[in-house]
Amino acid sequence: MSALIARQVQPSLAERLADVAVQALIDEADLSPKPGLVDRRGNGAHDDLHLDLMHASANALWPTFKAMAEAALIAGEVSQPLREALGQLGRDGEVAMLRVTGGVNTHRGAIWALGLLCAAAALHTGSAAPRHIAATAAALARLDDPSAPVNPDSHGARACRTYGVLGAREQAQHGFPAVIEQGLPQLVASRRDGEQNAQLDALLAIMSQLTDTCVLHRAGLEGLTRMQAGACAVLAAGGAGSLAGRRQLLELDRDMLTLRASPGGAADLLAATLFLDRLAPAASAPIGSN
Ligand SMILES: CC(C)(COP(=O)(O)OP(=O)(O)OC[C@H]1O[C@@H](n2cnc3c(N)ncnc32)[C@H](O[C@H]2O[C@H](COP(=O)(O)OP(=O)(O)OP(=O)(O)O)[C@@H](O)[C@H]2O)[C@@H]1O)[C@@H](O)C(=O)NCCC(=O)NCCS
Ligand SMILES: Nc1ncnc2[nH]cnc12
């Protein structure tokens with residue numbers, strides 16, 4: 001009887017993926033000190049965001065991530081119907097996010113990135129190698145979703161047009177290079193300085209390369225250049241775990257606040273980095289066992 005009860009309360013694969021995704025969002029929000037972003041210290045460069053709202057938004061997205069993983073498990077492979085199902089679930093997720101935040105955009109980019117990665121991870125029940133999951137997410141992102149509302153006036157679309165850069169859509173379609181080539185390697189390399197410094201360094205490595213359309217929208221090319229150069233300077237000084245790096249990090253934070261620049265895209269990709277990092281050890285203790 002007790003074995004039966006134990007089996008019944010085991011979370012499903014989709015539920016476990018949703019747990020990992022939501023925890024990655026909460027850990028990203030809590031990580032401090034992040035330049036220009038909401039963290040435990042305050043609201044960063046934002047008037048309309050705060051830590052409790054980021055937590056509420058992350059928790060409200062759990063059913064979305066679970067449903068995306070379930071849709072992938074039912075489809076069993078990358079396919080046009082799965083892409084369209086994910087698009088609808090993503091749009092429903094945005095509605096749920098806006099309902100809980102009273103209309104504030106907390107996690108639009110994260111729904112896109114983590115939603116695709118949850119679905120891709122569900123398709124990889126036997127192997128959770130980050131590069132493979134990201135490649136599958138990219139294949140999903142490259143499929144057209146005819147029901148997606150074309151919004152040439154989104155902040156991202158406008159920034160991409162004005163500055164001739166690639167944004168959130170292309171980051172996913174190219175297999176999340178900021179996560180695979182910057183975030184994850186830096187996270188692993190900086191773990192010698194402790195987990196919090198490793199996560200800060202991973203964020204900085206992403207910021208050093210990303211064309212973050214949030215920063216472009218709020219602070220133009222000057223903001224983007226200062227973000228990338230400032231993040232490089234922290235890492236070159238020894239990273240968040242060193243005294244010199246910590247000084248540079250606080251200077252970068254002041255710079256971002258002065259410019260009202262908030263690297264929200266980089267923050268989403270840090271959450272994606274944490275998500276993939278946490279699935280990797282589960283490949284041998286199979287997260288995909290039910
Ligand atoms: C394909 C979509 C991602 C839409 O993309 P698009 O670029 O057209 O639209 P945006 O509305 O600008 O959303 C993109 C969000 O992605 C994040 N981001 C930015 N740059 C990058 C990058 N280079 N790589 C990856 N990700 C990036 C970023 O999200 C974060 O920042 C948001 C907060 O920003 P903030 O400036 O505070 O808020 P705003 O309200 O925009 O401005 P202010 O008035 O405050 O100044 C927060 O959401 C973070 O998550 C960009 O915002 C995709 O979303 C899409 O197609 N959606 C439609 C629904 C759908 O079909 N979904 C399918 C799901 S599979
Ligand atoms: N911590 C954070 N602060 C501001 N915008 C964000 N978007 C995603 N995470 C964020």
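# Questions about an all-helix model

Modeller: From the N terminus on, the elements of this protein run α-α-α-α-α-α-α-α-α-α-α-α-α-α. The model is predicted.

Colleague: How many helices and strands is that?

Modeller: There are 14 helices and 0 strands.

Colleague: What share of the residues is buried?

Modeller: Buried residues make up 48% of the 290. The cut-off is 20 or more other C-beta atoms within 10 Å.

Colleague: Among contacts between residues at least 6 apart in sequence, what share joins residues at least 24 apart?

Modeller: That share is 73%.

Colleague: Why is C118 called buried?

Modeller: Count its neighbours. C118 has 29 C-beta neighbours inside 10 Å. The cut-off is 20 or more, so C118 counts as buried. C118 sits in helix α6.

Colleague: Which residues is C118 in contact with, leaving aside neighbours within four places in sequence?

Modeller: Those contacts are L17, A18, A21, F65, M68 and A69. Q186 is another matter: its C-alpha atom is separated from that of C118 by 22 Å. Along the chain, C118 and Q186 are 68 residues apart.

Colleague: Which residues of α3 are buried, and how do you know on which side they lie?

Modeller: In α3, residues 51-60, the buried ones are M54, S57 and A58. They cover an arc of only 100 degrees around the axis, which puts them on the same side of α3. The buried residues of α3 pack against α2 (13-30) and α5.

Colleague: What makes the phi of F176 worth a remark?

Modeller: F176 has a positive phi of about 50 degrees, although it is not a glycine. Most residues other than glycine have a negative phi. F176 lies in the loop between α9 and α10 (177-189).

Colleague: Is F176 buried or exposed, and how do you know?

Modeller: F176 has 28 other C-beta atoms within 10 Å. The cut-off for buried is 20 or more, so F176 is buried.

Colleague: And R260: why is this residue called partly exposed?

Modeller: R260 has 15 other C-beta atoms within 10 Å. Buried needs 20 or more, and exposed needs 12 or fewer. The count for R260 falls in between, so R260 is partly exposed. R260 also has a positive phi, about 60 degrees, and is not a glycine. Its place is in the loop between α13 (243-259) and α14.

Colleague: Why is the bond between S32 and P33 called cis?

Modeller: Omega is about -5 degrees for the cis peptide bond that joins S32 and P33. Most peptide bonds are trans. P33 is in the loop between α2 and α3.

Colleague: Which residues come nearest to ligand 1?

Modeller: Of the 37 residues around ligand 1, G90, G109, G156, G264 and G265 come nearest. The shell divides into 10 nonpolar, 19 polar and 8 charged residues.

Colleague: Which helix supplies the largest share of the shell around ligand 1?

Modeller: That is α6, with 6 residues. Helices that each supply at least two residues include α5 (80-101), α8 (155-163) and α12 (213-236).

Colleague: What pLDDT does the protein average, and where is the pLDDT below 50?

Modeller: The average pLDDT is 94, and 93% of the residues score at least 70. Over residues 282-290 the pLDDT is below 50. That stretch has 15 contacts in the model beyond near neighbours in sequence. The model scores ipTM 0.95 and pTM 0.95.

How values were computed
Residues are numbered from 1 along each chain as its sequence is written. Chains are lettered from A and ligands numbered from 1 in the order in which they are written. This is a predicted model: local features need pLDDT of at least 70, side-chain atom pairs count only at pLDDT 80 or more; totals for chains, interfaces and linings use all residues. Helices (H or I, at least four residues) and strands (E, at least two) are DSSP runs, numbered from the N terminus. Two residues are in contact if their C-beta atoms, placed from the backbone, lie within 7 Å. A residue is near a molecule or strand if its C-beta atom, placed from the backbone, lies within 6 Å of it. Ala, Val, Leu, Ile, Met, Phe, Trp, Tyr, Cys and Pro count as nonpolar, Asp, Glu, Lys and Arg as charged, and the others, Gly among them, as polar. The arc is that of the directions from the helix axis to the C-beta atoms. pLDDT is the predictor's confidence in each residue, from 0 to 100.
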